[in-house]
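Please read them with the structure open beside you.

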Amino acid sequence: MLKRSFILFLFFCSSLDLYSQGVRDILPDSVSLVEELKNHAYIPNLSYRIQVLGEELPESQQVIDSTFLWTRNERGYLSPDFENGAQLESLVSEIPENSVELQFYVFGEKSSIDGVYRFLETLVDTGDFVYAQNQKSTDRDLVLIANRYHYQPIEAYKNLLLSDNQLFGVTLINVFFVLAAVSMIIFMLIFKKRRNQREEQIKDFENEIIGPLTSLLFEKSVDQINEMSKAEADAIFQDGIIQRKLFKIVLIDKIIGLNKKMKGDFKDKLKLLYQKFGLIEITRQNLEHRKWEKIARGLVQVNEMDLKMLLPLVKEHVNSSNFHVRSLAGATLLNIAEKVDLNFLRDQNYPLSDWQQMHYLRIIKYIAPSKSLQISKLFGSTNQSVREFGFKLVRMLGRVDLIQELHEINEKVSLEERVELIKTYDSLGAHMEVDFINSCMKSNHPELKKEAIKCAGNLGNEESEDIIILLITENPEFKIRKILLNSLLKLNPARFEQFVSDFPMEENLKIKAHLFDPVLSHV
Amino acid sequence: MKKILIIEDDLLISSLVQFRLKKDGYETVLVKDGNEGIEAIDAENPDLIITDVMMPFRSGIEIIHHAKKVLPDVPIIVLSSLGEEEEVVLEAFNLGVVDFIPKPFNPNELAIRVKRVLR
């Protein structure tokens, strides 16, 4: 600590020494003073004159050039006022040393050499005079020099920015990001404001709709609504508000929402009102839209409001590349088309998912009693999943009349489809297909083989029994062995007993115990 | 004049029910969520409550619980979607609701049931 203080003290003393030096210390005599002044082109408020002693002026070029300015006095010639130290140097050097006298003028008044020293002291203190030579370089001098120039940071930065490519690039990227961020914030604010405005408007429209729609549903009969003209329907809502597209969209949502929750003639009234208000045009626009979500919305509107006149537009979407759109289009056609020929389903290019099959089946089961469905068209589809769906429909709807048509394609379809055929024959009790079932039992396709063995238990004949026994002797895995023995038991219990007694293997005995256990027999 | 409290979050449905019941000469109070329903039960002292099950803030079951606590003799009719959980419907009946009307429904049918309950 003491050492540090001592170093600081020394530094202070040295600084004090530099600052305490006056002009007389640096320029101790008139010669050094003049030498110093020669180096200054201009010192504010300090000027010089040269007195040449004698009758004649020296014949030097410098002196002759300025002759007309020299004034004659009793001592000789007096030069004009000049401020440039360099001129002093040149003039004095042209005139013999013993016939020249230098005069100093401070603020235009003749001054002694002491006066010049004092004046310079003042200039040094104010920072207006910096030694050109014989000076010690000090921190104070640097500060004084720096004081002479005004700091211009922006100009300096600008120059630096333009001259440095990397800095310029980074600055450009920063500016871009700032602009992008500001633009995004502005965009978000505008977007949010618009959305809020839209939500508020929707609420207002909902309130506008509730009153008139409620009274209309209770006060007008279906016939009265049917007889209403477009103008009368539009007049239900005030100020022609129904002409606004957003109002129509809100009205559609309200009518469809209400239609789902109402029963009886209210549904008919809502469907009529939908058309009377001209909302069908919005649905048409939705169906013709490029965006799939708009099309899907249009399809829901057609489905809910039974807009049969738009079915041609719906048909255009049954083979859409969008899963949701084509599922909705198919469901809509099944729901509201008066004649459902299932051609649209037969011509599907895309495979039917399990969800789609379940969805269509639910609708078809509902409409099957009232509409003549031509399910057999599905058997001729080039799409395997559609053909499989057709076989499932025969099974689910109990269409025994189609067994003959299925029989004709037994051998033409793939092994996967045969699984569905076997299940269908089993479900419908198609004994006439026993040969096909027996041939499938010999298949190498595990699923087909399993289903055929199960089916043989219900529909098989003696040949089926022989095939079953043959398959058991091939030592199949436990699950298949169990299915085989179960089918044999169903077909011929005596032969089952005989087989188990002939081959009293542990597995066979366990399966027999399982099949005869009243609790486990169906597990 | 009998006062009926209708607790239903679908404004269009509730206004339809209100319109129909007003035609039959009932005074109706309409609230749009469970919280308002609880407040209205305490404040309005209704003769009949018609409530939905699925609602914001408080379910219909909570409303029935509260109503049975503060107004044990007031009949309650539940008006709700057919797809509602069977357990919820059973719970509502166990709590003492007098009727359950599944949506989709016919307001005229509802009016007949209301008349029968309030007779």
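1. A:Ile241 sits in the loop of chain A that runs between α11 (230-234) and α12 (245-261); please keep in mind, here and below, that this is a predicted model. Once its neighbours within four places in sequence are set aside, A:Ile241 is in contact with A:Glu208 and A:Phe247. A:Phe205 stands 36 residues away from A:Ile241 in sequence, and the C-alpha atoms of the two are 8.9 Å apart in space.

2. On chain A as a whole, the model has 28 helices and five strands. Of the 523 residues in this chain, 24% are buried. Where contacts in chain A with a separation of 6 or more are considered, 67% of them are between residues 24 or more positions apart.

3. The five strands of the sheet in chain A follow the order β2-β3-β1-β4-β5, and they form an open sheet with antiparallel pairing. The edges are taken by β2 (71-73) and β5 (109-111) of chain A, each of which has a single partner strand, so that one side of each is left without a neighbour in the sheet. On average, and with direction ignored, neighbouring strands of this sheet are turned by 35° against each other.

4. The crossing of the two helices is left-handed. From α23(A), the contact draws on A:Val434, A:Ile437, A:Asn438, A:Cys440 and A:Met441, while α24(A) contributes A:Leu448, A:Lys449, A:Ala452, A:Ile453, A:Cys455, A:Ala456 and A:Leu459. By class, the residues of this contact divide into 10 nonpolar, one polar and one charged.

5. Between the chains, 11 residues of chain B are in contact with 15 residues of chain A. On the chain B side, helix α1 (residues 11-23) of chain B supplies the largest share, with seven residues. The residues on that side divide into seven nonpolar, two polar and two charged.

6. Chain B also has an open sheet of five strands, here in the order β2-β1-β3-β4-β5 and with parallel pairing. Its edge strands are β2 (27-31) and β5 (99-103) of chain B, and since each has a single partner strand, one side of each lacks a neighbour in the sheet. Neighbouring strands of this sheet are turned by 15° against each other on average, direction ignored.

7. Which way do the residues of strand β3 (residues 48-51) of chain B point? B:Leu48 and B:Ile50 point one way and B:Ile49 and B:Thr51 the other way, and all are buried. Strand β1 (residues 3-7) of chain B runs parallel to β3(B) and is joined to β3(B) by four bridges, with B:Leu5 opposite B:Ile49. The pairing of β3(B) with strand β4 (residues 76-81) of chain B is also parallel, over three bridges; in β4(B), B:Ile76 is the bridge partner of B:Ile49, and B:Ile77 stands opposite B:Ile50.

8. Finally, helix α3 (residues 60-70) and helix α4 (residues 86-95) of chain B have axes that come within 10 Å and cross at roughly 5°, which means that α3(B) is roughly parallel to α4(B). B:Ile61, B:Ile64, B:His65 and B:Lys68 of α3(B) make the contact with B:Val88, B:Glu91, B:Ala92 and B:Leu95 of α4(B). This contact has five nonpolar, one polar and two charged residues.

Definitions and conventions: Residues numbered from 1 in each chain as written. Chains lettered and ligands numbered in written order. Predicted model: local features only at pLDDT ≥ 70, side-chain atom pairs only at ≥ 80, totals over all residues. Left-handed = near helix turned anticlockwise from the far one by under 90°. Contact = placed C-beta atoms within 7 Å. Nonpolar A, V, L, I, M, F, W, Y, C, P; charged D, E, K, R; others polar. Pairing = 2+ DSSP bridges. Axes fitted to C-alpha atoms, helices over the stretch in contact; angles between N-to-C directions. Buried ≥ 20, exposed ≤ 12 C-beta atoms within 10 Å, placed from the backbone. Parallel < 35°, antiparallel > 145°, perpendicular 65-115°, else oblique.
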